[in-house]
Amino acid sequence: MSFLGIFNKKKNKKFAATSNEEQFKDTFILALVHRLRTPLNGARWALDSVIGSETSEDKKKTLNEGYNKIIDAINTVNEILKVAEINSIDGFTLRKEKINLCLVVDDILKCLDFLIKKNEITLEYDNKCDPLTIYGDKEVLDIGLSNIFDNAFRYSPKGKVIVSVSKEGSMVKIVIKDNGIGIDREDMKHIFEKFYRGKNAILMDPNESGVGLFSTKRIIEMHKGNISLDSEVNKGTTIEVRLPID
Amino acid sequence: MANFQGKRILLVEDDNFLSELLSKKLIENQASMMRAADGEEAIKMLKSNPKFDLILLDLMLPKIGGFEVMEAINADEKIKGTPIIILSNLGQKNDIEKGVSLGAKKFLVKAILSLDEIVDAAAEIIK
């Protein structure tokens, strides 16, 4: 189905009685992302079929590289979609349940193990923390918190990341401290804005989307929590997240 | 490798390229395949053929959408209960919830899965 077809279906369904520009924009992004997934999907499956068949090792290596590039593009598209979903007032409702934040952090670290290894990160984390239960949407919080961890590991190559999860009054406090490239003062003012990226982050990796921390802040706030950030260029970044205990 | 020997699968997908690739993969796994390119054709095939063992159903389809196809299946006693896996590049929570409420066994986002992973998911449903 064409992009315009998808866009009109979504638009008519959701915003029949409104012309709110923000909602219109998010619906546009949703339709665009869905449309982008289809050709990427085709390219992925096409390579999938060829890689699986008999072919020379040289060709297989090249095809695998192409395949990984497509997976990168799909992941970026998924990330943008998630932000548009979270930003879409009508389209997103939290599915809350009791969750142990320590286990959420454990899961995220397992998922990002490839990045920890790739960037030779020294991780300090005491995973024997007491169960700290909050009432939240595990899948959504996972996305929000993963962005912070991903940034810490991505922008601290061969560095150190210290993670702690503790109780602070009626809140659970998660601290992620790295000694990476840091963020300059001017960039810090805008770092939670949609599509904003710090100058040194762009220099290090120009291909990221800049939606991560924007959606993280929104997710934390949807859970009635807060997030703060302190950073210094070439010294590192510390992010603190607080979420209310159930 | 899954074995779909003797199993009949209907693939409803409007993108011919995706349909061919997935269909080929399922045939490699001995499935007996039929393909529909829109919702209207899918409903016709469902009503005019013996019951399928599995339907792989896209959502954004020409003529009649995937959710409407599911409603038509649920309204027809002869084909009601045919296992359905939604295979879409949509995937917002409200899409998933709607799909599950209409009886989908699984909701898979095509772009994030390899062909083998889809075959595995199908094998889970038609053991």
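This is a predicted model: local features need pLDDT of at least 70, side-chain atom pairs count only at pLDDT 80 or more; totals for chains, interfaces and linings use all residues.
Colleague: How many helices and strands does chain B have?

Modeller: Elements are DSSP runs, numbered from the N terminus: helices are H or I with at least four residues, strands are E with at least two. Chain B has five helices and five strands. Along the sequence they follow β-α-β-α-β-α-β-α-β-α. Chain A has nine helices and seven strands.

Colleague: Is G66(A) buried, exposed or partly exposed?

Modeller: G66(A) has 16 C-beta neighbours inside 10 Å, so it counts as partly exposed. G66(A) sits in helix 3 (residues 57-87) of chain A. A43(A) is 23 residues from G66(A) in sequence, and their C-alpha atoms are 9.3 Å apart.

Colleague: Which residues sit at the centre of the nonpolar packing?

Modeller: In soluble globular proteins, nonpolar side chains tend to be buried together. A nonpolar core is a set of buried Ala, Val, Leu, Ile, Met, Phe, Trp, Tyr and Cys residues joined through C-beta atoms within 7 Å. The largest one has 37 residues, and I9(B), L10(B), V12(B), I55(B), L56(B), L57(B) and I85(B) touch the most other members. Elements of chain B giving two or more residues to this core include strand 1 (8-12), strand 3 (54-57) and strand 4 (84-88). A second, separate core has 29 residues, among them L141(A), I148(A), V163(A) and I220(A).

Colleague: What does L57(B) touch?

Modeller: Set aside neighbours within four places in sequence. L57(B) is then in contact with V12(B), G66(B), V69(B), I84(B), I86(B) and L87(B).

Colleague: How do I read a helix pair?

Modeller: Two packed helices are described by the angle between their axes and the distance between the axes. Axes are lines fitted to C-alpha atoms, over the stretch in contact for helices, and angles run from 0 to 180 degrees between N-to-C directions. Under 35 degrees counts as roughly parallel, over 145 as roughly antiparallel, 65 to 115 as roughly perpendicular, and the rest as oblique.

Colleague: At what angle do helix 2 and helix 3 of chain B pack?

Modeller: The angle is about 20 degrees, with the axes 9 Å apart. Helix 2 and helix 3 of chain B are therefore roughly parallel. G39(B), A42(B), I43(B) and L46(B) of helix 2 meet G66(B), E68(B), V69(B), A72(B) and I73(B) of helix 3.

Colleague: And helix 1 with helix 5 of chain B?

Modeller: Helix 1 and helix 5 (residues 115-125) of chain B pack at about 55 degrees, with axes 10 Å apart. They are therefore oblique to each other. The contact joins L21(B), L22(B), K25(B) and L26(B) of helix 1 to L115(B), I118(B) and V119(B) of helix 5.

Colleague: Where do I find an oblique pair in chain A?

Modeller: Helix 4 (residues 101-111) and helix 6 (residues 138-154) of chain A pack at about 55 degrees, with axes 10 Å apart. That makes helix 4 of chain A oblique to helix 6 of chain A. Residues of this contact include V104(A) and I108(A) of helix 4, and L141(A) and F149(A) of helix 6.

Colleague: How many residues of each chain meet at the interface?

Modeller: 17 residues of chain B are in contact with 18 of chain A. On the chain B side, helix 1 (16-28) and helix 4 (93-101) each supply at least two residues. Helix 1 of chain B gives the largest share, three residues. For residue classes, Ala, Val, Leu, Ile, Met, Phe, Trp, Tyr, Cys and Pro count as nonpolar, Asp, Glu, Lys and Arg as charged, and the others, Gly among them, as polar. The chain B side divides into nine nonpolar, four polar and four charged.

Conventions:
Residues are numbered from 1 along each chain as its sequence is written. Chains are lettered from A and ligands numbered from 1 in the order in which they are written. Two residues are in contact if their C-beta atoms, placed from the backbone, lie within 7 Å. A residue is buried if 20 or more other C-beta atoms lie within 10 Å of its own, exposed if 12 or fewer, and partly exposed in between; C-beta atoms are placed from the backbone.
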